[in-house]
Amino acid sequence: MDNMDPQYFVSKLGLEPHPEGGYYKSTFASEERTSDQELTVNFEGKRRLYTSIYFLLTSNDVSHFHRLKSDELWYYHAGSPLTVHIIDENGEYKEFKLGLDLDQGEVPQALVPKNSIFGSSVMGDDTFSLVGCMVSPGFEFQDFELFTQADLLAKYPQYKDVIIKLAYEVIPE
């Protein structure tokens, strides 16, 4: 078994292409639901308490800048470290590296706070990263917002390099 081959994981885990880049598969979803009446999140209808996915990204792709209305917890599983790039609600840029080399500042799990704009990229060439992502309240595509380079450069010109790398020029159909 060559478990350092991304196609191995795509095939064995049944991953499919994700609109933000990379591959994913939904794994768990709460049977319980909540509304925005109990929370400081604003959405229509009800949401599952949590949803969880596998997410695989190769070094040939990026997870494009997007925003969710919910917190997202990230968990490292396999492959190379993954850098998650965040522009938070206050316009501050930060990043964390998901991985197991704690001496190099990597962390096995981390939180992307709700309403942050974020994307990710794999560290290294010709490699991949397999992670898990748990969203609470649960993920729904209607709460998913992608950004163009123009959108973000107008608001955050100081982050030009990472915006050019992680934002779409034009959002794909």
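Let's start with His85: its bridge partner in S9 is Glu95. Strand S8, residues 82-87, pairs with S9 over 6 bridges, in the antiparallel sense. Strands here are DSSP runs of E, at least two residues, and helices are runs of H or I, at least four, numbered from the N terminus. Two strands pair if DSSP finds at least two bridges between them.

A word on the source. This is a predicted model: local features need pLDDT of at least 70, side-chain atom pairs count only at pLDDT 80 or more, and totals for chains, interfaces and linings use all residues. Residues are numbered from 1 along each chain as its sequence is written, and side-chain values use heavy atoms, without hydrogens or water.

Now the sheet. It is open, with 5 strands in the order S9-S8-S11-S6-S13, and the pairing is antiparallel. Its edge strands are S9 (93-98) and S13 (145-146), each pairing on one side only.

Next, Glu72. Strand S7, residues 71-79, holds Glu72. Is Glu72 buried or exposed? Buried, yet without a salt bridge. Buried means under 20% relative accessible area, exposed over 50%, partly exposed in between, with a 1.4 Å probe and protein chains only. A salt bridge needs a side-chain nitrogen of Lys or Arg within 4 Å of a carboxyl oxygen of Asp or Glu. For Glu72, the nearest side chain of opposite charge is Arg67, 12 Å away. Contacts (heavy atoms within 4.5 Å) of Glu72 include Leu111, Phe118 and Met134.

Last, Ala150. Helix H2, residues 149-155, contains Ala150. Ala150 counts as exposed because its relative accessibility is 56%.

Technical notes. Lys, Arg positive; Asp, Glu negative; His and termini not counted. Lists of a residue's contacts leave out its neighbours within four places in sequence.
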